[in-house]
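Please look through the structure below before reading on. The briefing that follows goes from the overall picture to particular residues, grouped by topic.

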Amino acid sequence: IPFVNTVSVVPENLYFYCYNDTSFTRSYRSDMQKLNNAFLEKALFLVGGMEHSEKTEVCIKVRYHMYTVAALKQVCDSDLSKKDKKVAVWDILKDSVLEKTLEKKVLSMDKKSIRLMLTAVKLHCYWLAYLMLKYRMGR
């Protein structure tokens with residue numbers, strides 16, 4: 001992420017949500033998981049030498065998991081054919097960077113529904129994770 005120079009962690013939620021169909025997290029992008037991976041790499045690099053960096057790293061990975069679920073939802077909501085959607089979802093679920101973040105201490109911080117789906121990914125039960133995603137999306 002070229003515009004990020006520092007990362008700070010605060011206990012309060014400082015984000016103001018405004019619904020926008022064309023926002024970065026709402027519209028489908030074929031490279032979304034690559035961008036998520038770049039976010040993770042840059043954020044972890046920036047907090048590498050910080051005090052309490054392990055706890056901060058867990059928080060960053062939990063956020064990364066949320067971004068990954070957003071990317072999966074974008075695929076499901078896209079205009080891709082069913083076959084192309086399945087390929088795109090499979091590519092995200094089998095992402096090697098995602099797999100490296102599936103540590104017990106990180107998964108325990110995820111929301112239960114995300115934790116369950118990502119545990120299936122960790123166990124290489126991609127079909128089960130795919131079914132959970134489809135069920136969650138109501139498709």
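Is Tyr130 buried or exposed? With a relative accessible area of 14%, Tyr130 is buried, where buried means under 20% relative accessible area, exposed means over 50%, and partly exposed lies in between, computed with a 1.4 Å probe on protein chains only. The structure is a predicted model, in which local features need pLDDT of at least 70 and side-chain atom pairs count only at pLDDT 80 or more, while totals for chains, interfaces and linings use all residues. Residues are numbered from 1 along each chain as its sequence is written, and side-chain values use heavy atoms, with hydrogens and water left out.

**Confidence**

- The protein averages a pLDDT of 84, and 83% of the residues score at least 70; pLDDT is the predictor's confidence in each residue, on a scale from 0 to 100.
- Among the elements of the protein, the lowest mean pLDDT, 83, belongs to helix H7 (residues 126-137), and the highest, 95, to helix H4 (residues 96-100).
- Where pLDDT is low, the predicted coordinates should not be read in detail.

**Overall fold**

- The protein has 7 helices and 0 strands, and read along the sequence it follows the pattern α-α-α-α-α-α-α; helices (H or I, at least four residues) and strands (E, at least two) are DSSP runs, numbered from the N terminus.
- Of the 139 residues of the protein, 35% count as buried.
- Among the contacts in the protein with a separation of 6 or more, 63% come from residues 24 or more positions apart, a contact being heavy atoms within 4.5 Å.

**The largest nonpolar core**

- The largest nonpolar core has 28 residues, of which Leu72, Val89, Leu93, Leu118 and Val121 touch the most other members; such a core is a set of buried Ala, Val, Leu, Ile, Met, Phe, Trp, Tyr and Cys residues joined through side-chain atoms within 4.5 Å.
- Two or more residues of this core come from each of helix H1 (32-47), helix H2 (53-77), helix H3 (82-93), helix H6 (112-122) and H7, and H2 gives the most, with 7 residues.
- Leaving aside its neighbours within four places in sequence, Val121 is in contact with Leu93, Leu98, Leu102, Tyr126 and Ala129.
- In soluble globular proteins, nonpolar side chains tend to be buried together.

**Aromatic pairs and a charge over a ring**

- The structure holds 2 aromatic pairs; rings of Phe, Tyr and Trp (its six-membered ring) pair if their centres lie within 6.5 Å, and planes under 30 degrees apart count as stacked, over 60 as edge-to-face and the rest as tilted.
- The rings of Phe39 and Tyr67 have centres 5.2 Å apart and planes at 70 degrees, so this pair is edge-to-face.
- This pair links distant parts of the chain, with Phe39 in helix H1 and Tyr67 in helix H2, 28 residues apart; Phe39 counts as buried at 18% relative accessibility, whereas Tyr67 counts as partly exposed at 29%.
- Trp90 and Tyr130 also form an edge-to-face pair, 5.0 Å centre to centre with 70 degrees between the planes.
- Because Trp90 lies in helix H3 and Tyr130 in helix H7, the pair ties together parts that are 40 residues apart in sequence.
- Trp90 is partly exposed, with a relative accessible area of 21%, and the charged end of Lys86 sits over its ring, 5.4 Å from the centre; a charge sits over a ring if NZ of Lys or CZ of Arg is within 6 Å of the ring centre and within 35 degrees of the ring normal.

**Lysines and an alanine in the helices**

- Lys61, in helix H2, is buried with a relative accessible area of 12%, and beyond its neighbours within four places in sequence it is in contact with Leu40, Leu44, Thr101, Glu103 and Val106.
- Lys104, in helix H5 (residues 104-107), is exposed with a relative accessible area of 71%, and the C-alpha atoms of Lys104 and Lys122, 18 residues apart along the chain, are separated by 10.0 Å.
- Ala88, in helix H3, counts as buried at 14% relative accessibility, and leaving aside its neighbours within four places in sequence, Ala88 is in contact with Tyr28, Val75 and Leu80.

**Cysteines**

- The count comes to 0 disulfides, a disulfide being a pair of cysteine sulfur atoms within 2.5 Å.
- Cys76 counts as buried at 9% relative accessibility, whereas Cys125 is partly exposed at 22%.
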